[in-house]
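Please consult the sequence and the model shown below alongside the text.

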Amino acid sequence: MRDSRRFALLLWAVIAVWPLAAAPRLKYVVIVSRHGVRSPTWDAARLNEYSAEPWPEWGVAPGELTPHGRELMKLMGAYYGEWLTKERLLDSKGCRDAGRVRIVADNSQRTLETGRALAESLMPGCGIAVQSQPESQKDPLFSGAGTPDPELSLSAVRARLSSDPQRLLGDHSAAIDALQGILDGGRGTLRKLREPPFEIGASLSSKTVELTGPFNVGSTLSENLLLEYANGFRGGKLGWGRLTREKLLRVLEVHAVYADLMRRTAYLARARGSNLLALVLLSMEQAASGKAVAGALGSPGDTLLILAGHDTNLSNLSGMLGLSWRLQGYQPDDTPPGGALVFLLWRDDAGQDSVTARYIAQSLDQMRDADRVTVAAPPVSQDVPIPGCRTRGSRCSWSSFKTAIEEATDTAFVAALPGGRSPKP
C-alpha cells in the first residue's frame, strides 16, 4: 500500500513538471511593421477639393513621419524590448544581444525614421544600425519584384466582385455617406466621393489595375482622418470638429473595403508580396538551422528581425497566407500606423520547431495620447491562426509553416535583392 502511494506521488510529480519541461522556448522573431503616424501623402490643394474647409497643417512634408508618430514608434520599440526580454529572447544586461538584432527599413523618410525610432528604444544606447537600400532606387523587398499582368490583375479583382460590382456601393453606402458628411458638413465641396463613378480598369501603360470612385478616394481620406486622430489632433483640427472615435470607426469601413480588394486579392498580393514573404521564410529557416542560408536577412545566430515597411506589405502578406484578425476598435484586417504582423519561431525540448503568428498595434487612444505600452499595459493584439498548418494547439509545425509559405509564394515575383544594404545611422 505504501509503495502504491509512493508511486502515485511520483507519477503526479512527473505530470506536474512535464508541461514545464516540454514548454517550447522562443528562438527567433520576425516583426513586419508598418511605419508610424505620417502626414497625408496628397498635397493640400488636392485634399481641399474634397472638403468644405481646408485640411489642417501637419508641420512636415507630405507622407513624412510626424514627431508624434516617431515618439509612438519609440514606445513600441521599448515594448518589444521588454516583451522579448521577458520571453528570454533578448538579454536584459547591457548590449550583449545588440549584434543579434537586424532592422531593415524601406528607404522612404517615414520608414527609415520608424526603423531608427525602434532601434533607439529597443535596446537604448546600443547603436543598432538600420539597413536600407540607397534612396535613389526602389527596394524590391518592400515594393515587390517582377511585373504583374494587368489583365490577370483585373480579372482577379472582378472575380471578387461577383456579377454586380455596384452592389458593393449599396453594401457600404452608409459609411460613404458618413465620410461625405464629415468632409462637407452639409455645405458642399468641389468634388464628391461618388464622382467619378465606381469603375475598375487595367492600365496597360503602368501595368496596374485601377479603381475609381468612392472607395479609391474615400480610402485615402478616411485614412487621413485616422492619422489626425492618432497624431493627437483635437478640436477643430480633428475632422473640422465633426469627427468622433465612433464616426472614425464607421468611415474606416471605406478604407477596409479598398485595402481588402486592392491589396489582399490573391494575385495582387502575390505580385507585390512574394519577394518579401520568401525572404521572411529564408531568414526563419536560417535561424532554425543555425546555418547560413542564401538570401536570408541577417546572420545565423540572430534572434530578431524587424522589417519597417508599409500597410500595403501587411495586407499583401495576410492576403497571400489567408491570415485574418480583428483588433478591438478597428475594422477587420486593419493595418493601423505602427502595427505589425509578428512571426515567432519556437523550439521545444525535443528539438522540434514550430511557428505562431500575432498581430500587434497600439489602440487609437494609446496613439492619440502617446500612452506608454508595457507588458503590464500592452498594445492590443491577437493570435492569428495560419491556414493550412497542422497545429499543435495554437502552434504550426515548422514543416507545415514552410509548406504554407512556399505554396502562397509565386516564384515569378521573387528575385535576389540588388546590391548590399548599407547601414543608416
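Leaving aside its neighbours within four places in sequence, which residues is Tyr 80 in contact with? With contact meaning heavy atoms within 4.5 Å, Tyr 80 touches Ile 31, Leu 118, Leu 122, Gly 338, Ala 340 and Ile 360. The model is predicted, with local features requiring pLDDT of at least 70 and side-chain atom pairs counting only at pLDDT 80 or more, while totals for chains, interfaces and linings use all residues. Residues are numbered from 1 along each chain as its sequence is written, and side-chain values use heavy atoms, with hydrogens and water left out.

**Nonpolar core**

- A nonpolar core is a set of buried Ala, Val, Leu, Ile, Met, Phe, Trp, Tyr and Cys residues joined through side-chain atoms within 4.5 Å.
- Buried denotes under 20% relative accessible area, exposed over 50%, and partly exposed in between (1.4 Å probe, protein chains only).
- The largest nonpolar core has 124 residues, of which Tyr 80, Phe 215, Met 284, Leu 307 and Phe 401 touch the most other members.
- Helix α11 (residues 266-289) gives the most to this core, with 12 residues.
- Helices (H or I, at least four residues) and strands (E, at least two) are DSSP runs, numbered from the N terminus.

**Aromatic rings and charges**

- Rings of Phe, Tyr and Trp (its six-membered ring) pair if their centres lie within 6.5 Å; planes under 30 degrees apart count as stacked, over 60 as edge-to-face and the rest as tilted.
- By this rule there are 11 aromatic pairs.
- Tyr 79 and Tyr 80 make a tilted pair, at 5.9 Å centre to centre with 50 degrees between the planes, and both are buried.
- One aromatic cluster consists of Tyr 79, Tyr 80 and Trp 83.
- A charge sits over a ring if NZ of Lys or CZ of Arg is within 6 Å of the ring centre and within 35 degrees of the ring normal.
- Lys 237 lies over the face of Phe 233 at 4.2 Å from the ring centre, and Arg 368 over that of Tyr 229 at 4.5 Å.

- Gln 366, in helix α13 (residues 364-368), counts as buried because its relative accessibility is 13%.
- Beyond four places in sequence, the contacts of Gln 366 include Leu 72, Asp 371 and Val 380.
- Arg 191 lies in the loop between α8 (173-184) and β4 (199-203), and is partly exposed because its relative accessibility is 33%.
- Arg 191 touches Glu 49, Tyr 50 and Pro 196, not counting residues up to four places away in sequence.
- Arg 191 and Ser 51 are 140 residues apart in sequence, yet 8.0 Å apart in space, C-alpha to C-alpha.
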